[in-house]
Amino acid sequence: MTRVLLIGIKPEAVDYSDPDVPPGTTPEKIAAGIEATLSDMQARGWEAAFCSILADDSAEATIAASLAEHWDCIVIGGGIRVPSQGLALFERVINAVHHGAPKTPIAFNTSPSDSADAAARWVTGR
């Protein structure tokens, strides 16, 4: 069975004052997007999980714990990559994934709703 891990910031921990976060974004909207993404992945017959990180020094350990299992693809959510103030977190996440799963493809979504499509680019037909 295909296994996909989605890594994102815990909805309650997002800095909603960051100007790069779209207006009107709320923890509830992000949580709903995560649930819809996981449901989409499961509907494709994949096992899917969400690795919820905080934007602090605990991120690497949280990711490492999730990477103790085998994944066929790792999707890194936009909440980690998009806010320019979060560049250091994005670097730490990429390096933690590279260290913990060096041969696992990494995918990037454009919005929560296309996370499964992002993963499919790497797991379909592999």
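Reply: Strand 1, helix 1, strand 3 and strand 4 (106-108) are what the buried residues of helix 5 pack against, with contact meaning heavy atoms within 4.5 Å. Helix 5 covers residues 115-123, and its buried residues are S115, A116, A118, A119, A120 and V123. Buried means under 20% relative accessible area, exposed over 50% and partly exposed in between, with a 1.4 Å probe and protein chains only. Helices (H or I, at least four residues) and strands (E, at least two) are DSSP runs numbered from the N terminus.

This is a predicted model, in which local features need pLDDT of at least 70 and side-chain atom pairs count only at pLDDT 80 or more, while totals for chains, interfaces and linings use all residues. Residues are numbered from 1 along each chain as its sequence is written, and side-chain values use heavy atoms, leaving out hydrogens and water.

Now the cores. A nonpolar core is a set of buried Ala, Val, Leu, Ile, Met, Phe, Trp, Tyr and Cys residues joined through side-chain atoms within 4.5 Å. The largest one has 19 residues, and I7, I53, I63, L67, I74, V93 and V97 have the most contacts inside it. At least two residues each come from strand 1, strand 2 (47-53), helix 2 (59-66), strand 3 (73-76) and helix 4. Helix 4 gives the largest share of this core, four residues. Leaving aside residues up to four places away in sequence, I7 touches F50, C51, I53, I63, I74, V75, I76, G77, I80, V93 and V97. A second, separate core has 15 residues, including L6, L38, A119 and A120. In soluble globular proteins, nonpolar side chains tend to be buried together.

Which cysteine has the sulfur closest to that of C51? It is C73, at 14 Å, which is too far for a bond. C51 counts as buried because its relative accessibility is 2%, and C73 also counts as buried, at 0%. The structure holds zero disulfides, a disulfide being a pair of cysteine sulfur atoms within 2.5 Å.

Last, the open space. The largest pocket has a volume of about 730 Å³. Of its 36 lining residues, V14, I30, G78, G79 and I80 are the closest to its centre. A pocket is an open set of points on a 1 Å grid over the protein atoms alone, where a 1.4 Å probe fits, with protein on both sides within 12 Å along at least five of seven lines; lining residues have an atom within 4 Å of a point. The volume is the space filled by probe spheres set on the points, which are joined across faces, edges and corners. Helix 1 supplies the largest share of the lining, five residues.
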